[in-house]
Amino acid sequence: MSLRLSTVILPYRRWHEGGRSAWTRAEQLGFHTAYTYDHLSWRTFRDGPWFGAVPTLTAAANVTDRLRLGTLVTSPNFRHPVTLAKELISLDDISGGRVTLGIGAGGSGFDATALGQEPWTPRERADRFAEFVPLLDRLLSEDAVSYEGDFYSAHEARNIPGCVQRPRLPFAVAATGPRGMRLAARFGQAWVTTGDPKLYENGTPEQSIQAIRGQTERLDDICAEVGRDMTDLDRVLLTGFTPDRVAPLQSLNAFVDFAGRHMELGFTEIVIHWPIPDSPFAADEKVFEQIAMEAPAQLR
């Protein structure tokens, strides 16, 4: 199986000042999917322009034809399953069935307190995520849903006509712990990892490979536990958060070597960040485009 190469385009540029051109160029370059982050603000971009994920993806759907579109990732930090489902069904319709929902438990960044609440503990995030995903699965798959949970409720929520993609649009579930991995095995069409965050500052690429291998082995075990065919679950690596950082984007050969080592661990899709000058994702745009056009053929 050949590797799918995708990109993530951060929503920091006005649509008519470079925002649109990135999405159309992503399709021209042959990327499988173009994702965007679903945050209210994010890290070093907090005090600059930052646009909403769903409107951005809606606009992208209208200027592309083949490119898949998605979030990487949406979380419960500021989302409710009922309203999110309605937006996703609308986006899936507008795009002609080209949407993938990347979804995760969320973190302790700016989104965690933007609505005025105290940040949730890791246990609270996991508890909410465990309720969020199954409810969203139902809302996207059934015409009418009623539910009363510990964190979320739905009262005769109508979602007609449902998704273009049946039975619903695919979930790519980001998880490194056992509870999240079980959600990926039960509800996901893909599993997403960024590697081991503890290794980002001082780890080595070799240590990262070993850590990710451990994650994939745990996922295999969990798939076996829940009766999921592990070969039926795609595996997605979002790059830029391992000790390699942007080194794989320094040359075509560097990327092919990096991607090949992760393909050996069972990854079916690798996501690279669209270059952003003067940021952690700075990279040579010509090399980036060469990787997009030439690397997939070398990774079959």
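What follows is a dialogue about ring pairs, charges over rings and the strand barrel in a predicted model.

Student: What makes the pair of Phe-31 and Phe-288 tilted?

Tutor: The structure holds 11 aromatic pairs, and in this one the ring centres are 5.7 Å apart with the planes at 35°. Centres have to lie within 6.5 Å for a pair, while planes under 30 degrees apart count as stacked and over 60 as edge-to-face, so the angle of 35° leaves the pair of Phe-31 and Phe-288 as tilted.

Student: Which parts of the chain does this pair link?

Tutor: Phe-31 belongs to the loop between α1 (19-28) and β2 (33-36), whereas Phe-288 is in helix α8 (residues 285-298), and the two are 257 residues apart.

Student: How do you know whether Phe-31 is buried or exposed?

Tutor: Buried means under 20% relative accessible area, and because Phe-31 has 5% relative accessibility, it counts as buried. The relative accessible area of Phe-288 is 2%, so Phe-288 is buried by that criterion too.

Student: How do you know that the charged end of Arg-46 sits over the ring of Phe-110?

Tutor: The charged end of Arg-46 is 4.0 Å from the ring centre of Phe-110, and the distance criterion asks for CZ of Arg within 6 Å, together with a position within 35 degrees of the ring normal. Arg-168 likewise lies over the face of Phe-171, at 3.6 Å from the ring centre.

Student: What makes strands β8 and β9 a pair?

Tutor: Strand β8 (residues 190-193) and strand β9 (residues 234-238) run parallel and are joined by 4 bridges; because at least two bridges are required, they pair. Val-192 stands opposite Val-236 in β9.

Student: In what order do the strands close into a barrel?

Tutor: The order is β1-β2-β3-β4-β7-β8-β9-β10, which gives 8 strands with parallel pairing. Neighbouring strands of this sheet are turned by 25° against each other on average, direction ignored.

Note on methods:
Residues are numbered from 1 along each chain as its sequence is written. This is a predicted model: local features need pLDDT of at least 70, side-chain atom pairs count only at pLDDT 80 or more; totals for chains, interfaces and linings use all residues. Side-chain values use heavy atoms; hydrogens and water are left out. Rings of Phe, Tyr and Trp (its six-membered ring) pair if their centres lie within 6.5 Å; planes under 30 degrees apart count as stacked, over 60 as edge-to-face and the rest as tilted. Buried means under 20% relative accessible area, exposed over 50%, partly exposed in between (1.4 Å probe, protein chains only). Axes are lines fitted to C-alpha atoms, for helices over the stretch in contact, and angles run from 0 to 180 degrees between N-to-C directions.
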